[in-house]
Amino acid sequence: MTAKALRRKGKFTAEAGVCPDKTWRSWRTSILWILPEILTFVYITQQQKMANLKKRTDYISWDEYFMGVALLSARRSKDPNTQVGACIVNDKNKIVGAGYNGLPMGCDDDEFPWEKKGNFLQTKYPYVCHAELNAILNNIGMDLRGCKIYTALFPCNECTKAIIQSGISEVIYLSDKYAGTDTAVASRMMLDKAGLVCRKVEVRNKSLLLSFSEEDV
């Protein structure tokens, strides 16, 4: 007789190795009885683990984030001497424009000069668009009034004119290495008279490392 048949008749034989129905039902009832307690224990344990897991505290600030975007944009510049990037942000902390210093569209980077000294037309200065101007021109097509611009380098007088005229209300810069020059003095004079907020960026991290390795994602 099969084990299934023995269970149906409620018989038990040691040789067959079959438990009687009463023993089987008792074992099943015991499992069902303690199952809620097991599930409760698992749930409480998971909740305790979640309670002990806190958010990261070493995340970058908004200023570091947007200045980082400006600095990353600068890496696109072909200028062999100075690479500058800029990033425009609206009042909801959304990026609405970005740019870097480079030649206008249609002007071949290999056909125009990149020199800093010499005959004016043989230098980069008559041809290069600065990062701030490019960020304004590259914006997503919205009104920039009330926006902030993050720029790696304090804006020159020409870019300052465009910043003011576009309606941008705040300038955040990283470096002011040309402070005291005529262009920097003119920029500050216009920014002050136009009522724009102008400040040096405050950062907790002196540098950030970007990795393009899949293992670091």
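The axes of helix α5 (residues 157-166) and helix α6 (residues 182-194) come within 8 Å and cross at roughly 15°. This is a predicted model, in which local features need pLDDT of at least 70, side-chain atom pairs count only at pLDDT 80 or more, and totals for chains, interfaces and linings use all residues. Residues are numbered from 1 along each chain as its sequence is written, and side-chain values use heavy atoms, with hydrogens and water left out.

Reader: Are α5 and α6 roughly parallel or roughly antiparallel to each other?

Author: Axes are lines fitted to C-alpha atoms, for helices over the stretch in contact, and angles run from 0 to 180 degrees between N-to-C directions. The two axes cross at roughly 15°, and angles under 35 degrees count as roughly parallel, over 145 as roughly antiparallel, 65 to 115 as roughly perpendicular and the rest as oblique. α5 and α6 are therefore roughly parallel.

Reader: Which residues in α6 are met by Asn157, Thr160, Lys161 and Ile164 in α5?

Author: Contact means heavy atoms within 4.5 Å. By that rule, the α5 residues meet Thr183, Ala186, Ser187, Met190, Leu191 and Ala194.

Reader: Why is β1 largely enclosed by the rest of the structure?

Author: Buried means under 20% relative accessible area, exposed over 50%, partly exposed in between (1.4 Å probe, protein chains only). On one side of β1 lie Gly85, Cys87 and Val89, and on the other Ala86 and Ile88, all buried. β1 is largely enclosed because the number of its five residues that are buried is five.

Reader: Which residue in β3 is the bridge partner of Ile88?

Author: Strand β1 (residues 85-89) pairs with β3 in the antiparallel sense over four bridges. Val89 stands opposite Lys148 in β3, while the partner of Ile88 is Ile149.

Reader: Which residue in the hairpin of β1 and β2 takes a positive phi near 60°?

Author: β1 and strand β2 (residues 95-100) run antiparallel, joined by five bridges. The hairpin has five residues between the strands, and the positive phi near 60° belongs to Asn93.

Note on methods. Two strands pair if DSSP finds at least two bridges between them. Helices (H or I, at least four residues) and strands (E, at least two) are DSSP runs, numbered from the N terminus.
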